[in-house]
Amino acid sequence: IAEEPELVAPTTAPEPLKYVATKGHEVDEKLAQVFNAIDPAVAANVQIRSCGGNTYEINNKHVTLLIKNNSLMVRVGGGFERLEIYLQHLTARHGHR
């Protein structure tokens, strides 16, 4: 009697999500650089869509992004927050870790 082959689950993790920038758009290129470097667990819970100019929709919330001192900043209330920190706070507030 021939043995049936054992089924083995793939050992490779799925590819992390990547943001592809619009070439020549400085803020969008910086967004891709920052987003593609963040923790994949955070990135998996973030949806980003460009709305034109420096306005983006991040998880259904419209935000304005700009570059200050070589950091990508999100307009938050009357100030600014680094995008990396904003995304971590955003996903933590919604129970994603």
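**Exercise 1. Work out how β3 is paired with its neighbours.**

Start with β3 and β4: these strands run antiparallel and share four bridges. (Strands here are DSSP runs of E with at least two residues, helices are runs of H or I with at least four, and both are numbered from the N terminus; two strands pair if DSSP finds at least two bridges between them.) This is a predicted model, so local features need pLDDT of at least 70 and side-chain atom pairs count only at pLDDT 80 or more, while totals for chains, interfaces and linings use all residues. Residues are numbered from 1 along each chain as its sequence is written, and side-chain values use heavy atoms, with hydrogens and water left out.

Next, pick out a bridge: L66 has M73 in β4 as its partner. Then look at the turn. Two residues separate β3 and β4 in a hairpin, and N69 in that turn has a positive phi of about 50 degrees.

Now go to the other neighbour. β2 and β3 also pair in the antiparallel sense, over four bridges, with T55 bridged to T64 in β3. This pair is a hairpin too, with two residues between the strands, and N59 in the turn has a positive phi of about 50 degrees.

**Exercise 2. Find the face of α3 that is buried, and say what covers it.**

Step one is to list the buried residues, where buried means under 20% relative accessible area, exposed over 50% and partly exposed in between, using a 1.4 Å probe and protein chains only. In α3, residues 83-93, they are L83, Y86, L87, L90 and T91.

Step two is to look down the helix axis. The buried residues of α3 fall within an arc of 120 degrees, so they line one face of the helix; the arc is that of the directions from the helix axis to the C-beta atoms.

Step three is the cover. It includes the helices α1 (26-35) and α2 (40-43), along with the strands β2 (55-58), β3 (61-68), β4 (71-76) and β5 (79-82).

**Exercise 3. Trace the largest nonpolar core.**

Such a core is a set of buried Ala, Val, Leu, Ile, Met, Phe, Trp, Tyr and Cys residues joined through side-chain atoms within 4.5 Å. The largest one has 21 residues, and Y56, I58, L65, L83 and L87 have the most contacts inside it. At least two core residues come from each of α1, α2, β2, β3, β4 and α3, and α1 gives the largest share, five residues.

Zoom in on L65. Leaving aside residues up to four places away in sequence, L65 touches V27, L31, N54, Y56, L72, M73, V74 and L83.

**Exercise 4. Locate the salt bridges and sort their ends by accessibility.**

Look for a side-chain nitrogen of Lys or Arg within 4 Å of a carboxyl oxygen of Asp or Glu. That rule gives two salt bridges.

- E57 and R49 meet at 3.0 Å, N to O. E57 counts as buried at 16% relative accessibility, whereas R49 is partly exposed at 45%.
- R82 and E84 bring their closest N and O atoms to 3.3 Å apart. R82 is partly exposed at 38%, and E84 is partly exposed at 23%.

Terms used:
Contact = heavy atoms within 4.5 Å.
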